[in-house]
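Got your viewer open and a way to select residues by number? Good: let's take a walk through this chain, one selection at a time.

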Amino acid sequence: MLFRELYKYRELLKSNVKKEIRGKYKGSFLGVLWSFVNPLLQVAVYAIVFPFLMARSGGDNYLIYLVTGIIPWTFFTNSIVQGVTTIRYNAGIIKKVYFPREILPISVVLSGLINFFISCLIVFIFLFFSGVGISWHVVLLPFFGLLQMLFSLGIIFAISAINVYVKDTEYIVTFVINMLFYGTPILYAISNFSSAPAILIKLVEINPLTQFIYAYRDLFMYHVLPEFNGVVYIFVLTFISLFVGYFIFKKLEKGFAEEL
């Protein structure tokens, strides 16, 4: 039923994705080039400071280690931050016109996926000029990008619907994302903290974003296939995220017009 509705309103979905991409950079001088500039600025800051604090992270290729962590992380955070408010920000059209409300969260993650693939050009440039090189394993990039998109979509389904009723949701989400950044091995390697409490290391390892970033680093940096157990883990979590998130969305959807 959902796929039939999405196909019926495919032009609306397409125009909404374009609006999400253009709206994000509307009025800016660089426009969509910020998809390159933002990650590069982040990499520049961390590359200057953190090699002195995390000397062993990523071995001799800490810059590549950073890039392959920051780009997927930016994809996730941008999608979640935009997604949590997507229903509230479109209150006007929701009250006036019928269309599948799912189009709004889906538009957010699709635009995020497009920006992610654009940003991956930065990774390829770094790989080429650093001497790490590019292997055939990167053909799996679309698969993991799509998997991460669906994982994020499940979360956005839930939080965007809850945010209609509980306005503090977006602030809670921002706080959780800030905490999650330090619970994901973007700037550091878990092996650097072998003396840390086992429970903390375990929490980092079961973090879904950890497994996604491991997979990307395997494809880009280490030129190997991601570990099978890790892939199964994020595949199962993606399914759970989508199922639970969509269930919550459909349960709360009926009251959107009244609450907005």
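**Before you click**

What you see is a predicted model, so to speak of local features we need pLDDT of at least 70, and side-chain atom pairs count only at pLDDT 80 or more, while totals for chains, interfaces and linings use all residues. Residues are numbered from 1 along each chain as its sequence is written, and side-chain values use heavy atoms, with hydrogens and water left out.

**Stop 1: the whole chain**

Show everything as a cartoon. How many helices and strands does the chain have? The count comes to 13 helices and 0 strands. Those elements are DSSP runs numbered from the N terminus: a helix is H or I over at least four residues, a strand is E over at least two. Read along the sequence, the pattern is simply α-α-α-α-α-α-α-α-α-α-α-α-α.

Now colour by accessibility. Of the 260 residues, 48% count as buried. Buried means under 20% relative accessible area, exposed means over 50%, and partly exposed is in between (1.4 Å probe, protein chains only).

**Stop 2: helix α4**

Select residues 62-84, which make up α4. This helix has 23 residues and runs 33 Å from its first C-alpha to its last, close to the 33 Å expected at 1.5 Å a residue. The expected span is 1.5 Å times one less than the number of residues. Is α4 enclosed or open? It is largely enclosed by the rest of the structure, because 19 of its 23 residues are buried.

**Stop 3**

Go on to T86, in helix α5. T86 is buried, at 3% relative accessibility.

Next, pick N90, in the loop between α5 (86-89) and α6. N90 is buried too, with 12% relative accessibility. Its C-alpha lies 9.2 Å from that of L260, 170 residues away in sequence.

**Stop 4: K96**

Select K96, found in helix α6. Buried or exposed? K96 counts as exposed, at 73% relative accessibility.

**Stop 5: E102 and its partners**

Click on E102, in the loop between α6 (91-96) and α7 (103-130). With a relative accessible area of 3%, E102 is buried. Show its side chain: which side chains does E102 touch through polar contacts? One is Y246, at 2.8 Å, and another is K250, at 3.0 Å. A polar contact is a pair of N or O atoms within 3.5 Å; within protein, one must be able to donate a hydrogen and the other to accept it, and residues adjacent in sequence count only if both atoms are side-chain atoms.

**Stop 6: helix α11 and its two ends**

Select residues 208-222 for α11. Its 15 residues should span 21 Å at 1.5 Å a residue, and the end C-alpha atoms are 20 Å apart, which agrees. This helix is mostly covered, with 13 of 15 residues buried.

Zoom in on the N-terminal end, which N207 caps: one of its side-chain oxygens lies 2.9 Å from the backbone nitrogen of L209. After α11 comes H223, in the loop between α11 and α12. Phi of H223 is positive, near 60°, in a residue other than glycine. Most residues other than glycine have a negative phi. H223 counts as partly exposed, at 24% relative accessibility.

**Stop 7: α8 against α12**

Finally, show α8 (residues 141-165) and α12 (residues 228-253) together. They pack at an angle of about 30°, with their axes 8 Å apart. That makes α8 roughly parallel to α12, since angles under 35 degrees count as roughly parallel. Axes are lines fitted to C-alpha atoms, for helices over the stretch in contact, and angles run from 0 to 180 degrees between N-to-C directions.

While you are here, select F243 in α12. F243 is exposed, with a relative accessible area of 56%. The C-alpha atoms of F243 and I155 are 9.9 Å apart, for residues 88 apart along the chain.

Terms used
Parallel < 35°, antiparallel > 145°, perpendicular 65-115°, else oblique.
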